[in-house]
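Have the model open as you read.

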Amino acid sequence: MNDSLEGKYSWDLAFDLLNEKDNSNQIQKMFEEIKRRRPFDSYIWSFTLDENNMALQNYGDLAVVMNPQDTFESLARKYTNSDFENMNTGNAYILPLHVVYDYQTQVKYLSNTLDIWLDSINSGNYGDYQDASLAMYLYSLVFKSPKYHQEEEIRYVINKIPDINGNGYDIKINGKKKLEAPFLPSLCSEIIVNHKADHVKNESIDTIQTKVKSMIENYGFNNTIVRKTDLEY
């Protein structure tokens, strides 16, 4: 997915910290400029560390358990050249990340980076300016509001090198830019049916489990285990 709201939290926090350091119109204008100037067309594939995570049940009836290393390597094979040679439009840098929810950690990194950014403006150090600007962009892909900490999210960030129009998407669905990631039997070890499935056509969780197993076997997922959640409700 490519969700602009994902980065908003970190940029808003950085702006608040910047106002405490230097709230001049020129600095605020420069900050807004680097916020708009995206070096990549970035996409996020989100997972959770907890297979029984109730905080994510609003997103669907099933939890898909995938091999993290194999998933990372499949993305790298599709989007990244060997040894990062001749990386060009359409290629991408894949970053496996553990989302940071801790507010104090976020403030520490953003504040230190903003200090470097402001010093680089005063000293005319373009290299530090570029590095600090890129760091703040990367933080926007890592930091998330503490109120979502129960998601325990890990994610793959796919930083696509955009075309001349700033786009790197593979396909549009309902007007939203998406990438097409490999979803192969070798990547998916389990599918867990949660209790929300009980409410689908008033069918029992056991019936849904049987139907899912039959469906995925039609697509070659013969070794993927389909089981019910460990949660009682």
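Axes here are lines fitted to C-alpha atoms, for helices over the stretch in contact, and angles run from 0 to 180 degrees between N-to-C directions. Helices (H or I, at least four residues) and strands (E, at least two) are DSSP runs, numbered from the N terminus. This is a predicted model, where local features need pLDDT of at least 70, side-chain atom pairs count only at pLDDT 80 or more, and totals for chains, interfaces and linings use all residues. Residues count from 1 along each chain as its sequence is written, and side-chain values use heavy atoms, leaving out hydrogens and water.

| Pair | Axes | Angle |
|---|---|---|
| helix 1 (residues 5-21) and helix 2 (residues 25-36) | within 11 Å | roughly 165 degrees |
| helix 2 and helix 5 (residues 126-139) | 10 Å apart | about 60 degrees |

Helix 2 passes helix 5 in a right-handed crossing (the near helix is turned clockwise from the far one by less than a right angle). Met30, Phe31 and Ile34 of helix 2 meet Tyr129, Ser133 and Met136 of helix 5, with contact meaning heavy atoms within 4.5 Å.

Helix 1 and helix 2 also cross right-handed. On the helix 1 side, the contact includes Trp11 and Phe15, and on the helix 2 side, Ile27 and Phe31.

Now for Thr224, in the loop between helix 6 (205-217) and strand 8 (225-228). Thr224 is buried, at 1% relative accessible area; buried means under 20% (1.4 Å probe, protein chains only). The Thr224 side chain reaches the backbone oxygen of Cys188 at 2.9 Å.

Methods:
Buried means under 20% relative accessible area, exposed over 50%, partly exposed in between (1.4 Å probe, protein chains only). A polar contact is a pair of N or O atoms within 3.5 Å; within protein, one must be able to donate a hydrogen and the other to accept it, and residues adjacent in sequence count only if both atoms are side-chain atoms.
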